[in-house]
Amino acid sequence: MNVAILGVGTVGEAVAKILLKNKKLIAARCGEEIVPVVGVVRNLNKKRDADIPLTDDINSVINRDDIDVFVELMGGVEEPFRVVSEILKRKKAVVTANKALLAYHRYALQNLAKNTPFGFEASVAGGIPIIRALREGLSANHILSINGILNGTSNYILTSMMNEGSNFKDALKKAQELGYAEADPTFDVGGFDTAHKLLILASIAYGVHGDPEDILIEGIQGITPEDIFFAKDFEYSIKLLAIAKKSEGKVELRVHPALVPQNKMIAKASGVTNAISVVGEVVGETMYYGPGAGGDATASAVISDLIDIARDSKSPMLGYKAPFELNTLELLDRDRIKTKYYFRLKVEDKMGVLAKITNLMSENNLSIDSLLQKPKDESEYAVLFFTTHTSLEADAKRTMELLKEQEYIKEEPFMMRIEE
């Protein structure tokens, strides 16, 4: 089986090297040799550690009749969509690790692919086989919920803040020095990378449509040492979570930092590790844990798809061979989300301020569960922490906007959700 690698960067190099190094093992597993015959790059002058022929003429490669499978590792959205669409129109198999491409175009690609093999295991959680688990291993289950840590950069930063007491800026700098974070980390720490992956998982679990702009996305940039202080005092960890679950006959999708009880398995995932909890109607909770990024981990997932194709797998792209009632499920409006909330407020240390805050919350349907005041330091202001009972997202957001208008609030208020 001849393979073309479109994009020979870190992952593409790893795919080529593993296919060549482990060719006998791979051939034994799938019954034939999988041969990387060409790689496409933007710059032929850049040195690459890949012992395969390289070209910068992508159109000549996608029109070759001797290529059986195209591995798309280009990055971006619209250009890969154009290229992959052309390949699928020629009834050639595709494997991709491109979560942004799938977040926006997964259903269009499914319609183009039809019975043509299309693998995308590497698009979510690197080396963790979560796509295969949802599409095959748990296929007898209605999926009740998915809770995942799907971005290693954010998890590393939050772990550093929890364990070392560092602030966000210092933890980010360390992550960049170690190569875990990009020079511009917005895509990771802002929650957008996680949102793309969540939409892919939700399509398999629920058949739900939607783009990243349609769901709740918040990043970790606002987390401070005060939030770490509260989390430790109440035995929580702070994690950037991807959450999908049925709610009110629809599907609730959201990405945001959350307080998670330390005794939860997902709270124990540290550093750049990814972790995913899936609750099935029949099987109950299953956990998936491992490396969520990196050349070798992602290449491992890419090659697992290549082996699957070589075995002549006919699995449908998103897991449904026929229309099913789940395909009618719609996204729940983000304002209808219900969960518990945490508020951090820096306020004037004066009599009556606490009463004003609790009254404002009560008037907006927020019921306070706990209250903590951080001991004062050299500042003339007090830091107050509130948690609520289960409340509506619309009420919590409205309360936040009203708090910003109060003269006794001396710093931008901060809100985070609690997932227990």
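Helix H5 (residues 99–113) packs against helix H10 (residues 192–206) at an angle of about 40 degrees, and their axes lie 8 Å apart. That makes H5 oblique to H10. Here angles under 35 degrees count as roughly parallel, over 145 as roughly antiparallel, 65 to 115 as roughly perpendicular and the rest as oblique. Axes are lines fitted to C-alpha atoms, for helices over the stretch in contact, with angles running from 0 to 180 degrees between N-to-C directions. Helices (H or I, at least four residues) and strands (E, at least two) are DSSP runs, numbered from the N terminus.

This is a predicted model: local features need pLDDT of at least 70, side-chain atom pairs count only at pLDDT 80 or more, and totals for chains, interfaces and linings use all residues. Residues are numbered from 1 along each chain as its sequence is written, and side-chain values use heavy atoms, with hydrogens and water left out.

On the H5 side the contact (heavy atoms within 4.5 Å) includes Lys99, Leu102 and Tyr107, and on the H10 side it includes Asp193, His196 and Ile200. The residues of this H5 and H10 contact divide into 7 nonpolar, 2 polar and 4 charged. For these classes, Ala, Val, Leu, Ile, Met, Phe, Trp, Tyr, Cys and Pro count as nonpolar, Asp, Glu, Lys and Arg as charged, and the others, Gly among them, as polar.

H10 also meets helix H6 (residues 130–137), with axes that come within 9 Å and cross at roughly 10 degrees. That makes H6 roughly parallel to H10. Ile130, Ile131, Leu134 and Arg135 of H6 touch Ile200, Leu201 and Ile204 of H10, a contact with 6 nonpolar, no polar and 1 charged residues.

A further pair is H7 and helix H8 (residues 168–177), packed at an angle of about 125 degrees with axes 9 Å apart. H7 and H8 are therefore oblique to each other, and their crossing is right-handed. Tyr156, Ile157, Ser160, Met161 and Glu164 of H7 make the contact with Phe168, Ala171, Leu172, Lys174 and Ala175 of H8.

| Helix pair | Angle | Axis distance |
|---|---|---|
| H5 and H10 | about 40 degrees | 8 Å |
| H6 and H10 | roughly 10 degrees | within 9 Å |
| H7 and H8 | about 125 degrees | 9 Å |

On a 1 Å grid over the protein atoms alone, a cavity is a set of points where a 1.4 Å probe fits but cannot get out, and a pocket is an open set with protein on both sides within 12 Å along at least five of seven lines; lining residues have an atom within 4 Å of a point. Grid points are joined across faces, edges and corners, and a volume is the space filled by probe spheres set on the points.

The largest pocket has a volume of about 1,100 Å³. Among its 41 lining residues, Val11, Lys99, Glu182, Ala293 and Gly294 are the closest to its centre. By class, the pocket lining has 15 nonpolar, 19 polar and 7 charged residues.

The largest cavity holds about 100 Å³ of space. Its lining includes Pro117, Arg135, Asp305 and Ser315, and the largest share, 3 residues, comes from H12.

Technical notes: Left-handed = near helix turned anticlockwise from the far one by under 90°.
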